[in-house]
Amino acid sequence: MKVYEKVIKHIEHQLRSGALQAYDFLPSVRSLSQTLNVSKNSVIRAYIALEQSGVILAHPRKGFSIKADTEYDQPQPPSPQKVIRGATSLDIIGSAQRQADVVFGSANPDTRIKGRKEFYKQLNKLVRLEIKSPAIYSHYQAPPGNLELRQQIAKKTHSGHAELDPEEIIITNGAQEAISLALRSTTQSGDIIAVESPCFYGTLQCIEALGLQIIEIPSHAPDGIDLEQLSNILERWEIKTILLNPHANNPLGFNMPDTMKSSLMAIAQAYDLVIIEDDVFGKLVHTSQRRRTLKSMDTEGRVILCSALSKILDPDIRIGWVSPGRYFDQVNYLKYVTTLATSGLMQHASALWMESANFDRHIKQLQNNYRQRKILFIEALKTCLPVEAHINNPDSGYLCWITLPLNIDGDHLFERMKSEGVSITPGSLFGTARQFQHCIRLNFSTFDNTPQQILALARLGEIISEEVNFQAQKSPT
Ligand SMILES: Cc1ncc(COP(=O)(O)O)c(C=O)c1O
């Protein structure tokens, strides 16, 4: 398939999913060529072909708009979009991660940090106590969970905008359970949910498992979800819930600006939407002060905030939380009937650790750590990857999204790198229709510029160049 044909496919996908509709203007040639990492000529050729086939209309000096009454302009229910790999993506990512010598794959944090040792010392003390006088933790720590921990979460993990009340927090097994409970409490099988696209694959899998229909709304750095497209979609479809990851977004690393968040809140009010706010990376903002959560702007209990200690301490302890607003009772009950409780021992150790005066220092260290790593990593990528690779410079977090020419297959790169002992994450996992097949995500949380890591990146660069050259030989346009 030629590059311009892939551009056409991309637009057709947006038309079918409802992300683009009659009278909408297409992105400018420059912007689409950057988004898809293709030449402007390929975009122009695609637009001309779509104009000739009667799908779009040219407006001199204004661009192209979608024509009405085309085959795409029929009100069709969005078909349930299947996550391409379903549960198998877990196997792929998991095994690649375990076997890799150099790890740029799953979104694990740096677990060599001092704060983590301090946590395990606290845990060790509690375990010794338990050995001496057993049965402290032998009962279920029923939801909403340990009060001291909920108090610490309310006090320490958010931005000082008085957004969380300990009485409104429920402890969960990581953010993943928080998100799953939020989805289950606010939707029923068959409902349509809007997500930003690209979207963390764990969330897509959860949506798939719950039998929900999905509409993916394009999201871009630095602003996040396209609010205009969201409004168009809301006009057209009955959507009750939207799920977003607005801070240190996985995989794009942006922080949605506060003005955009205010506009989103106004939209949510107008359409009576529930917002599930995935804030699992929220503390890992590098560049500026922590921005306000959507939760802090919510006066109607419509935002369900989900977060965890996974990215700032250790994913293995499985401590997360949800602040479900007006859905508190449903979430609390569902938590109870799903897992009964979260480990009391882990909750207590987490509360003690957070109480210790070092929490704020720990977060500052993480932020500095990841900011410095990012600079090193982007430098290394610029040296190692060919010019065809568009490197997204993340604002926050520790994930880097790379967009390759449309005809490069990220799944294939994943397999080739795996055979070289290097884990990466294929972009295809972040969408339902393989729209990110030409992308990959790299994790730099443990990037120390070691010779082994640099060699791995250099090898990635060589493989990308080989693929680019191979494709160029196959199709010279
Ligand atoms: C955006 C996002 N949300 C949620 C999760 C799940 O987090 P947890 O490990 O706390 O369940 C992850 C894990 O990588 C993630 O990246």
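Select helix α12 (residues 344–355) and then its surroundings: the buried residues of α12 pack against α5 (114–132), α6 (147–156), β4 (170–172) and α13 (359–384). Contact here means heavy atoms within 4.5 Å. Helices (H or I, at least four residues) and strands (E, at least two) are DSSP runs, numbered from the N terminus. The model is predicted: local features need pLDDT of at least 70 and side-chain atom pairs count only at pLDDT 80 or more, while totals for chains, interfaces and linings use all residues. Residues are numbered from 1 along each chain as its sequence is written, and side-chain values use heavy atoms, with hydrogens and water left out.

Within α12, highlight Gly344, Met346, Gln347, Ala349, Ser350, Ala351, Trp353 and Met354, the buried residues of this helix. Buried means under 20% relative accessible area, with a 1.4 Å probe and protein chains only.

Now select Ile233, which lies in helix α9 (residues 227–236). Is Ile233 buried or exposed? Ile233 counts as buried because its relative accessibility is 0%.

Finally, display helix α2 (residues 29–36) with helix α3 (residues 40–52). In α2, Val29, Arg30, Leu32 and Ser33 meet Lys40, Val43, Ile44 and Tyr47 in α3.

Notes. Buried means under 20% relative accessible area, exposed over 50%, partly exposed in between (1.4 Å probe, protein chains only).
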